[in-house]
Amino acid sequence: MKDADRIKQNIDAYQGVNENTVATRHICMLVTVCGPGIEGATITHYHLDHETALYCTEGKAVMFWGDELEFMLEVEAGDFVYIPPFTPHKTFSRSHAEGATFVVARTDPLEQERVVITPELDDGRCDSRIDWAD
């Protein structure tokens, strides 16, 4: 696998299918790795007018979403997740030592150009709600 890119969400991504790699017009597919601990979390963000589907291949994670990140979902290898357009969300690995890996598909071939980060939601509001696996 080629080297990962550090993307806007502050995680590593292995680019697969997108408008920059092939002639797609309606989809992208990549692999992302959310690093361990609080420091490895994504920056809170949303995706303009496109849907996201994730499949967790390794690790355990917790995702927070909603206008105030009020909703929470724990996921692990084998779980699927759907994120609607315009939905603020943030992901943490539930391990202090290991990351969580996802195969990601989006309905936008230029998904990084349509990511909107919302750092005002990165104020620690989720940290105490994580049920650490280790």
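**Exercise 1.** Which residue in β2 is the bridge partner of D5? Work out how the neighbouring strands pair.

*Solution.* A quick note before we start: this is a predicted model, where local features need pLDDT of at least 70, side-chain atom pairs count only at pLDDT 80 or more, and totals for chains, interfaces and linings use all residues. Residues are numbered from 1 along each chain as its sequence is written, and side-chain values use heavy atoms, with hydrogens and water left out.

- Step 1: D5 has A13 as its bridge partner in β2. Strands here are DSSP E runs of at least two residues, numbered from the N terminus, and two strands pair if DSSP finds at least two bridges between them.
- Step 2: β1 (residues 5-6) and β2 (residues 12-17) run antiparallel, joined by two bridges.
- Step 3: Their hairpin has five residues between the strands, and N10 there takes a positive phi near 70°.
- Step 4: β2 also pairs with β3 (residues 28-34), again antiparallel, over five bridges. In that pair, D12 sits opposite V33 of β3.

**Exercise 2.** Describe the fold of the whole protein chain.

*Solution.*

- Step 1: Count the elements: there are zero helices (H or I runs of at least four residues) and eleven strands.
- Step 2: Check the contacts (heavy atoms within 4.5 Å). Of those with a separation of 6 or more, 73% link residues 24 or more positions apart.
- Step 3: Look at burial (under 20% relative accessible area, 1.4 Å probe, protein chains only): 43% of the 134 residues count as buried.
- Step 4: Finish with the extent: the C-alpha trace spans about 45 × 30 × 25 Å along its principal axes.

How values were computed
Buried means under 20% relative accessible area, exposed over 50%, partly exposed in between (1.4 Å probe, protein chains only).
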